[in-house]
Structures are given as C-alpha cells and as structure tokens.
Amino acid sequence: MDPRVWRMFALLGVFSVLLEVNGDDSYLNAVQNTVPLSCSEGFTELGYYNGTVSQTDSGSPCLKWTEFPDYMQQYPGRGLGEHNFCRNPDRESNPWCFFRQSSGAIGWAYCDCHQGAVRLAGGSSSKSGRLEVYLNGQWGSVCDTHWTDRDASVVCRQLGLSEIGTALQHSYFGPGSGLFHYARLGCRGDEKSLLECRSRKFVTSDCNHGNEAGVVCAPPEGNGPPLRLVGGEEDFEGRVEVFHDGRWGTICDDQWDDMDAEVVCRQLGLGGIPKAWSWAHFGQGSGAIQLDAVQCTGNELSLDECRHSGWEQHNCDHMEDAGVSCNPYTDGVVRLVDGDNPWEGRLEVYHSGDWGTVCDDSWTEQHAQVVCRQLGFRGGAEVASAGAFGEGAGLILLDDVECEGSESSLLECKHSVWGRHDCSHSEDVGIRCHRVENNEVPLAPESTGPLVRLAGGDNRKEGRVEVFLNGEWGSVCDHGWNDVNAAVVCRQLGFTGVSKARPMGYFGAGKGTIHLTNVRCTGKESFLGECPSKGQDSHACKHGQDAGVVCDYLPEPEADIAVVGTHTCGLRAGAERRSKRIVGGYKSLRGEWPWQASLWLRSQSKGNQPLCGATLINSCWLLTAAHCFKRFGSDASRYVVKLGDYHTKEQDDFERVLSPERIEVHRKYRTESWEHDVALIRLKGSEGKCVSFNPHTNAACLPAPGSKWGKRPASCVITGWGMTDTEHPSTLLQAWVPLLPSWQCKKRYGERFTSHDMLCAGSMTSDLRKHADSCQGDSGGPLVCQGEGGRWVLTGVISWGHGCGDPSYPGVYSRVSRYLPWIEQVTHSTAPLQH
C-alpha cells in the first residue's frame, strides 16, 4: 500500500480527519548550499532516519508515535516509540511526522531538516558571532533578555565547535536583519540542538536592534570550572555537572551537603534555598565522574575552591551522582510536568520544600481552569485522560480538592490536609491549558482584569507591581503612581490595611515589558484592570521607574530594641528569616545592615548619591575614611549623616538625617598617602543617647584587640551605594568578598600596601560579572565579617584600590583592629561588645 494512503487511513481511523500536505520544498533552496541538512547525520545504513528533528516544515511540533498504535504495529522495529522525533518507517526520502493543527485536527507533514539550523554571523572567527536560527524559511536572531551560557553551549554543540559556550549580549557582534525568532530558549545545557530545548518561547513583541544574542564557543571566563544543572524539572535544580579538561562530568555524593549546594548556587548566580541531593536524585549521568568528597565551608565563590579528593579521583559510580536545588518557591506554586508542551502535563504542587502530585478525585474543568489561570494561561482548560502524562513518584500532596472555578490559585480551593489521601499515583491528575492563538489575553473572569503580583519585596505584602498581559509578566511605570493606585493593587491582592506607593524602582528593576503607565485609579476600583491607564507603546519609561507598593503599611517605627553598650551589637533584626549568605553584588533588603550610614554634603543632601559611607559603632560615633574629608575639609557643619537609609531617592520609613557635632581625622593621616585612612564622626547629643536603636539602626561590633581571622572567616560583606559599571545605584547594595592573604596585595601594590595597617579583599576572578569589590562611592563604608554567634564585626573601612572591579587589583581596607586604641581614646569609651 502506498505510504501516503496508509497515513490517510491511519488518520481516518483515529481522528476522522486528514490534512493535505504541501510538498513544495522550494524554500529549501535558500539554505541548501550554506547549511548542511540537520537530518543528514540521522540516517541508518538501511535508510531509516533516527535523528532528533521533531518539527514539521511549517514549524509545528510533532506528536508522539505512541498516539498511533496501529501505525506502530504496521512498522515494528523502525524507530517508532515513546517520542515525537521525525521518522521515515516507510523509507520515504524525507522524514515526516503526525502533528496537531491549531484547530485540533490531525495531519502529517514532512519535517524541515533545516528547521532549527543555527549559524554564527559577524564574528572574527568561525567560533564566534551573532546567533541566527533558521525557522520557517527565514534566518532570525534570538533576543538576549534571557540569554544564558547554557543556551550558548547548546548552540556550540549543535555546530560541532565545542561542548561549552559563552553568551554575549547587547549585539556584541553587530545587529542582524531585524527579524527575531525567539524571546528565550531556556536550554538546560545538555541538549544536542536548540529544538530540544523545552522552554523555547517565540517572540511575541518587538525585540529591538541592540538586543541580538551572541556566542563565543569557548568556556566563559570566571570563577573556576563552569557548572551546569541537568535533569531537573526547573532551571534551578538538577544533577551537578562540572566542565574540566574539555568535557562535562558529574560529582560523587560522598560528604555532599547543603554547604556544597550553597556554593553551587552562588557560582551559578541562583538565589533561593540551597539544598543538596544525593543518590542520583535527578537521574544518573554518564561519562567522567570529575569530583568526590567535596567539602565546602559554604563561603567559597566557586566549587573548585572547596576541599576535594582531586580531579577524577573517586570510588563511585553514577548511582551516586550529586544534585542541587536552589529553590525560590513558596507553598502553593504549581507546575505541569512530563507533557510535550509547557501548557500540558501532570500537575504537581509545592509544599514545605517538596513537590508532589494531586489526586484526580472529582476533578473537573473548573479545577483545571484554576490551575491554568494560576500558570498564566487565559484560554480554556481540560482534565487530561487518566495516565496521559504518566505516573508521578514520591509524595501525593493533595486530595479532595473543591474549586468553584473563579479562584486565582489552587490554594484558594478547599482541600484535605496536606499529604492526606487515599490515592495511588495511577490517579495523578493531568491538565491541558488552551492557549489563545492571537496573543490577545481575554480576562478570566472578565471583571478581574489582568493578574497582579508583587516581586522583589522582603515579604509577600510588598514589592514591585507586575501585571500579566499578552502572555507575559511585566512591570508598571511610576508616572502618576500614588497611594490611591497602591490601594487598588493591595485590594486586588486581598489586603485590607493602609497602602503605600513606592516609585522609582524602589524594589529593584524588573525585566521584560513595561506594560502600563499613567495609571489613574479613583480608589473605588476592586482591580487594577478597572483603572484608566496607557499601554506599553505610549511611554518612554525605564525599569528604574518601576512602580511598587507596600500593603498593610505600618508607618510608625518599632520601639527601641537596644540600649547602647548592651549585647546587641552586630545583630540584624529579622535576619534569621532571610537568606544566610550573599551571592555576588546584589540589592540588599531594608534593615539588613542596620549600622550602614551615609555621609552627605549638607548642600547636596537632597541629591541621589552620598559622598561616602560610614559605620555606626555606638550611639554617638561613626567610623569612616579620612580621605572622605580630603576635598571639603573637616568642618562638621558642612555635612549631614543619614541612618536607616535604603533608597537614596526615596524617603524611607526608618531614615533619619542627623547633624555631626565634630569630625576627628586620624592625626597621622596625610592627604598624599593612604596610611591611617580612618576618621570618626561624633553625632550631636548627650553621651550614649545621640541616636536610639531600632530594627533598622544598630551598631556593628568592633574586633577584639589583636584579633585575627582564621584562614577564611565565616562570611565577609561590603555594603554601600557605590558605582556599579560607572552607574550609581539607588538602593543599598551588598557583596560577599573573601579576605585575601597580605602577600597577594603586597605583590600587586608594592610598598603602598602596609599589612600592619591595611587588609585587602575581593574576588580574583577575571569574570567581571561575578567580581565584587569596593568602588569610590563606597569610600568609608564597612567591611564586616560574621563571627561567633552570628554577630557581624567591623573588620575594615573601605579605603582604596585601583579602579572599580579590576580583578587584578582587589580593594584595600583600613584594618580596624589596628585602630582600637585610637578609637577608645577619641570616643572616651569602649564601643559595644567586642568580638
């Protein structure tokens, strides 16, 4: 029987519909002579295609062959199975597959062997250039907003150039034609081609010239051998693989713990809660086992800084492959797994640190609609047939779920106690969410308008306002943003207390689209979508102007928590609930560094950038750098000090502006030298009562006389509003930095560095993306290290260094322990508890 006739009968028998196939392949001529067929290496000696192309020539995803059991029986042993790769079991010259049209009809089509082909353009060699992807007969670029080294590595592997690549942004190799295919690729890093990356997202809005992604097929410069996470359901989890000696390999789980996981998360730039996994939790790897017996303290910048048994020295097999999760989730988050597409799969819900399935008892379309709404889909929804996406493993977390259909999340539905059920995994519920093909997002239900969420806050009651429109989350411009708008947002989110607007990127800059501007609520609306506003095409906002809110706002500072001279120095209120450590140079949380102060010229105190940083060491005294007064002198009347400040352009709740009484520069400081670069600032007020302490104002501890840190202290941090890539941030920044041996600084700075008076700290990596040290705007600010009992000790005062973020010249700090006698002499007191 003619294969085409058989396909027709197969389709008629199963779906009663057949689509005509367009056999015209003239469009291939455009690329025939420039790009090798991506199918060409997939043919066996007998002429059967066995490769991984899984899209038709029109770009539709192929269906799994197991959906056509009769056809599989007709052609046994021809490579058909539980996959959706193109095949030619009938020995057609071109591979083909069945696919689903947007109408739901099933047809078959030849696969485009060029579909998903890649090339690099504009580079100085064949191993670098602007990434261009061939889709549906056209070459196009990839937007760099979500572009990662993992994506770049897949491109290099697909081209056969390297097992690893480096992602470059901002049209590093020049602009392309202007056509963009993908907004993101979302590769895990171990795929063989881009079409295997499951999180691909086509461009739905304009991506501008200047945003083309670039690739260099070489390892990224940076902190130690590159890492990747493989085999997880999410980007932040998976089997840990390390690139060494030209190949990827796994790590044995002997002595693998959460401290090791913390370093992995830090090196990968991932936030969340680090957790170690053992016994190949994310599946067994293959090839080399690179490391064993890894023992990190949790403070290292890269995994190779940790103690280990040596490269490829182990007594393990892949059953012991180590894994990591860097989990940012909160209870009630849902996901769909094991589907062919992001909009379908077995439902899993997150609770108390674990993912688990949901029993399908009494599940209806109403339940499915709630799940799809929570995931951001605005079309219809359906419950999949039993077992459509396989059985889960592990916990069954929810049963007896009762939804009305209008809820915005599954947590709002009634359900049994977490973990209590009478089900097996054969009853795991599966969901299919229907996408809206025209990218218009209908309101569901109509009266609510778009979904709203808060991001970047310290807690769930505050954050940057983000709305879900046109299939993606985006921010709101602060033009016209006020407390009335904030009240509507908080009301929509279910808060009933006082609301406060926070403009000017108070909770950090968002990413992607800025959806709305000039929002004009009257205050009577129940949903932000009811307020008049202008869309994304009518403004020139930047993410530094993202609007935020604080719900259930408490304007009054809390009562004093300390009296000067007591045992509270170096402690941070509420820090226990926050992440233990700092990764890179990131925005801090308000109140996280309560001893941080800023020094301003009185004439510029309404500006955006302080003159210097300073550290509160008791109720009346601050320690800073002497060179801060080099230009404008030490007349106290010229300056003001701010305590409790967080955002330099916004008045903070706990912010206080104080006048210094006098300034004491160290008597041996000379303007032509960097030695003895310390100064004390006395605030106005009676001794011990100049400023009261609260959760946002507290003193740092001073080191004990003669104290020296061990080889590596528990954690050292610099904070300030200093320059980052020549720009001044508005919010207080923090960065973890390791103390370095004196000989390294001596080697770089020569006689200028005196180990008795100075110390140096910073990352020695050449990767400026991961490098953190002090810049001139941070002068006088604190370098604090965490000691016994979790107290933070003022170890250094930011002094000098060559340039900002130059890895070969780390930051230099005045050694505070050296100046304890002078501090006690000037202040006529011992500062709060010493370490």
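Residues are numbered from 1 along each chain as its sequence is written. The model is predicted, so local features need pLDDT of at least 70, side-chain atom pairs need pLDDT 80 or more, totals for chains, interfaces and linings use all residues, and side-chain values rest on heavy atoms, with hydrogens and water left out.

**Exercise 1. Handedness of a disulfide**

Task: Find the handedness of the disulfide formed by Cys296 and Cys306.

Solution: 
- Start with the bond. A disulfide is a pair of cysteine sulfur atoms within 2.5 Å. The sulfur atoms of Cys296 and Cys306 are 2.0 Å apart.
- Take the torsion. About the S-S bond of Cys296 and Cys306 it is about 100 degrees, so this disulfide is right-handed.
- Cys296 and Cys306 lie in the loop between β14 (289-291) and β15 (323-327), so the pair ties together parts 10 residues apart in sequence. Strands (E, at least two residues) and helices (H or I, at least four) are DSSP runs, numbered from the N terminus.
- Check burial. Buried means under 20% relative accessible area, exposed over 50%, and partly exposed in between (1.4 Å probe, protein chains only). Both Cys296 and Cys306 are buried.

**Exercise 2. Two further disulfides**

Task: The structure holds 15 disulfides. Work out the handedness of Cys569 with Cys701 and of Cys612 with Cys628.

Solution: 
- Cys569 and Cys701 have their sulfur atoms 2.0 Å apart. The torsion about their S-S bond is about 90 degrees, so the disulfide is right-handed.
- Cys569 sits in the loop between β27 (548-550) and β28 (585-587), and Cys701 in the loop between β35 (679-683) and β36 (716-720), so the pair ties together parts 132 residues apart in sequence.
- Cys569 has 1% relative accessibility and counts as buried. Cys701 is buried, with a relative accessible area of 1%.
- Cys612 and Cys628 have their sulfur atoms 2.1 Å apart. The torsion about their S-S bond is about -100 degrees, so this disulfide is left-handed.
- Cys612 is in strand β30 (residues 612-616) and Cys628 in the loop between β31 (621-624) and β32 (639-643), 16 residues apart.
- Cys612 is buried at 4% relative accessibility. Cys628 is buried, with a relative accessible area of 5%.

**Exercise 3. An aromatic pair and its cluster**

Task: Classify the ring pair of Tyr71 and Phe98.

Solution: 
- Set the rule. Rings of Phe, Tyr and Trp (its six-membered ring) pair if their centres lie within 6.5 Å; planes under 30 degrees apart are stacked, over 60 edge-to-face, and the rest tilted. The count by this rule is 18 aromatic pairs.
- Apply the rule. The ring centres of Tyr71 and Phe98 are 5.7 Å apart and the planes stand at 90 degrees, so the pair is edge-to-face.
- Locate the rings. Tyr71 is in helix α3 (residues 69-74) and Phe98 in strand β1 (residues 96-100), 27 residues apart.
- Check burial. Tyr71 counts as buried at 1% relative accessibility. Phe98 is buried too, with a relative accessible area of 1%.
- Widen the view. One aromatic cluster is formed by Trp65, Phe68, Tyr71, Tyr75, Trp96, Phe98, Trp108 and Tyr110.

**Exercise 4. Charges over rings**

Task: Which ring lies under the charged end of Lys642, and which under Arg818?

Solution: 
- Set the rule. NZ of Lys or CZ of Arg must be within 6 Å of the ring centre and within 35 degrees of the ring normal.
- The charged end of Lys642 sits over the ring of Trp600, 3.9 Å from its centre.
- Arg818 lies over the face of Tyr819, at 5.2 Å from the ring centre.

**Exercise 5. A cavity lining**

Task: How many nonpolar, polar and charged residues line the second largest cavity?

Solution: - Set the rule. On a 1 Å grid over the protein atoms alone, a cavity is a set of points where a 1.4 Å probe fits but cannot get out; lining residues have an atom within 4 Å of a point. Points are joined across faces, edges and corners, and the volume is the space filled by probe spheres set on them.
- Four cavities of 30 Å³ or more are counted.
- Sort by class. Ala, Val, Leu, Ile, Met, Phe, Trp, Tyr, Cys and Pro are nonpolar, Asp, Glu, Lys and Arg charged, and the others, Gly among them, polar. The lining has five nonpolar, four polar and two charged residues.

**Exercise 6. Positive phi**

Task: Where are Asn518 and His676 placed?

Solution: 
- Asn518 is not a glycine, yet has a positive phi of about 50 degrees. Asn518 is in the loop between β26 (514-516) and β27.
- His676 has a positive phi near 55 degrees. His676 is in the loop between β34 (660-665) and β35, and counts as buried at 10% relative accessibility.

Notes:
On a 1 Å grid over the protein atoms alone, a cavity is a set of points where a 1.4 Å probe fits but cannot get out, and a pocket is an open set with protein on both sides within 12 Å along at least five of seven lines; lining residues have an atom within 4 Å of a point.
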